[in-house]
Amino acid sequence: MAYIPKNKIITNLYTNTKELAYKDTGEIYVGNYWKSYDGKIYTGKNPNDTPSRELINIEPSEEEKNPLLTLNQIAFNTNNKEINKNLITQYSKIKNINLNDIEKQIVPKHQYPKPTEDDYKLGVFDRYFLYKINEPIFLEVDEKLFKAVEGKDKKYYTTPYIQFLISWTLEGDKSEVYNINKRIIELTEKRINRRGLKEFLKFDYTKFWLPK
């Protein structure tokens, strides 16, 4: 292994809590390890402790306590499907997660909203959206599914999504409606710290607008 400055690594770490596994086999690792500046983890007390093998972390961080999200992250650690399967099976056993229950959950799908007569009388209506955390994917859904995700309804596969809603203007001069909705979308992208909502809506800022 090439020389790495000492200020770029953390050495003499140890694990015995089934938090690490060999990247190439998926087997649980117990023993000394060290971390490189790029976040990668290797066996041994330091780079000179050879042979050195790369490890992956199969335990959730403090920010990732949700077990379903962690299963997704394990799957993205390697392109080897057999290793993925092995890691996920081991992790589910450690955390007592029933994979059959997960497979039965309903995956949210895109739904097309339709303003009601009352919405047109009010001049605005709420549009409900989901954004997939681990992929740049937007979904528009109805209020029922939105609340199911918000409430972590176990019937639905809700873990990898964040949800947000926007108030969509329906009534007024067409150019005015266009500008109001365009501004709302721009502000929403900043609020949720995600780009691509404008493209997802195909820049159609007068959708559902009806001339009087």
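**The aromatic rings and their sheet**

Modeller: This predicted model holds ten aromatic pairs. Rings of Phe, Tyr and Trp (its six-membered ring) pair if their centres lie within 6.5 Å; planes under 30 degrees apart count as stacked, over 60 as edge-to-face and the rest as tilted. Take Trp34 and Tyr42: their ring centres are 4.9 Å apart and their planes sit at 25°, so this pair is stacked. Trp34 and Tyr42 are both buried (under 20% relative accessible area; exposed is over 50%, partly exposed in between, with a 1.4 Å probe and protein chains only).

Now compare Phe125 and Phe208, an edge-to-face pair with 5.5 Å from centre to centre and 90° between the planes. Phe125 belongs to strand β5 and Phe208 to the segment after α7 (197-200), so the pair ties together parts that lie 83 residues apart in sequence. These two Phe residues, Phe125 and Phe208, are buried as well. Phe208 also has a charge over its ring: the charged end of Lys207 is 5.1 Å from the centre. That label needs NZ of Lys or CZ of Arg within 6 Å of the ring centre and within 35 degrees of the ring normal.

A quick word on the ground rules. Residues are numbered from 1 along each chain as its sequence is written, and side-chain values use heavy atoms, leaving out hydrogens and water. Because the model is predicted, local features need pLDDT of at least 70 and side-chain atom pairs count only at pLDDT 80 or more, while totals for chains, interfaces and linings use all residues.

Back to β5. Three strands make an open, antiparallel sheet in the order β6-β5-β7. At the edges are β6 (137-141) and β7 (161-169), each pairing on one side only. Helices (H or I, at least four residues) and strands (E, at least two) are DSSP runs numbered from the N terminus, and two strands pair if DSSP finds at least two bridges between them. Strand β5 (residues 124-132) and β7 share nine bridges. Along that pairing, Arg127 stands opposite Ile166 in β7. Arg127 also lies over the face of Trp168, at 4.5 Å from the ring centre.

One more group of rings to find: Phe129, Tyr131, Phe138, Phe164 and Phe200 form one aromatic cluster.
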